[in-house]
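Trainee: Could you walk me through one part of this model in detail? I'd like to look at the charged side chains and how they pair up.

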Amino acid sequence: MSDLFAGVRWIWMNGKLVEFEKATVHVMSHALHYGSGVFEGIRCYNTRRGPAVFRLTEHMRRLELSAKIYRMDLPMPAPGMAEAVLETIRANGFESCYIRPLVYRGFGTMGVNPLRSPVESVIAVWSWGKYLGDSDEGVDVCVSSWRRPPSDALPAVAKATGNYLNSSLIKMEAITNGYVEGIALDTNGNVSEGSGENLFLVRDGLLVTPPLASSLLHGITRSTVMTLARDAGIEVREEAISRGQLYTCDELFLTGTAAEITPVRSVDRQPVGSGCPGTITSIILREFNRVINGETEDRHGWLTPVGGLAGSGVDSGAAEDRMSA
Ligand code: PMP
């Protein structure tokens, strides 16, 4: 087992906390054969005011909408799922962690039609550092030879497990060729997003990001960055970005829950702008860090306190009580 899960004791599974080793699925589960699942990636930060989950409501709403596209009902309404997230963090005693809710079609019957397989759900948490490495000085990326599927083939607004086969191809190609990440174009040849991140560039003091029509996930960090930029008086535009602009922009950065805000220092070995991170990227980074560290007032209501943390971990008796409840 990967070290990543050292210290993880409990996984929330279909309404109950289950011991990590016992949180298993049947090999004939529909999701394993046909990619029928939707999920979220969320972070909990140890802010100055205590552990808090970042934009939990928006993540639960996106999960609900992803599930809707694939005709699945969440096991309970979004607020209940949000409460289950908090319970899972508390049970494992984390002060900061990554959170993975997953809703999928389980073991029922075979065949593409998912509707006859039960909807199951899990919430896992683990400690996860910077996804694209210790990258304050920027990462080296390439333009992928793989395109993002058009939204009339696979809806990008749904954060569905099956979509990540495309992301895996982009990521494997990038890593094999010595890059940290790959940026995919959409089927019209416009810039879409990274394998697991949205993208922003700076051009003449303007912050530009591709529109949802460019086959990208409606990223929550993307919306955070747009709000923080506007709060700081920086103009933000959603407009189609051509591949050439990746090489001519002044600044470039990637955003995502796992990647947070990661400056890009080169694209296809061409340096971005004149030094990384650039001025506007640094402002956004600073503002973002202030929010997640709880250094500024939470003026947009983005932080949900975890509450009830019993210091270094819940006692197993309490968790067992919950399991048998
Ligand atoms: N695009 C893709 C394909 C992703 O997997 C992610 C990560 N969830 C993002 C964008 C960024 O989304 P968010 O900021 O909501 O994490």
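Is Glu 40 buried or exposed, and what is its relative accessible area?

Mentor: Keep in mind that this is a predicted model. Glu 40 is buried, with a relative accessible area of 0%. Its salt-bridge partner is Arg 62, and the closest N and O atoms of the two sit 2.8 Å apart. That pair links distant parts of the chain: Arg 62 belongs to helix α2 (residues 56-69), while Glu 40 is in the loop between β3 (37-39) and β4 (42-47), 22 residues apart. Arg 62 counts as buried because its relative accessible area is 9%, and the cut-off for buried is under 20%.

Now follow the chain into strand β4, where you'll find Arg 43. Arg 43 forms a salt bridge with Glu 260, with 3.7 Å between the closest N and O atoms. Glu 260 is in strand β15 (residues 260-267), so this pair links parts of the chain 217 residues apart. Both Glu 260 and Arg 43 are buried.

Asp 231 lies in helix α5 (residues 220-231) and Arg 299 in the loop between α7 (279-292) and β17 (303-305), so the bridge ties together parts 68 residues apart in sequence. Asp 231 is partly exposed at 40% relative accessible area, and Arg 299 is partly exposed too, at 44%.

Salt bridges also join up into a network here, linking Arg 203, Glu 235, Arg 237 and Glu 239. Overall, the structure holds 18 salt bridges.

Conventions: Residues numbered from 1 in each chain as written. Predicted model: local features only at pLDDT ≥ 70, side-chain atom pairs only at ≥ 80, totals over all residues. Heavy atoms only, no water. Salt bridge = Lys/Arg side-chain N within 4 Å of Asp/Glu carboxyl O. Helix = DSSP H or I, 4+ residues; strand = E, 2+ residues; numbered from the N terminus. Buried < 20%, exposed > 50% of the residue type's maximum accessible area, 1.4 Å probe, protein only.
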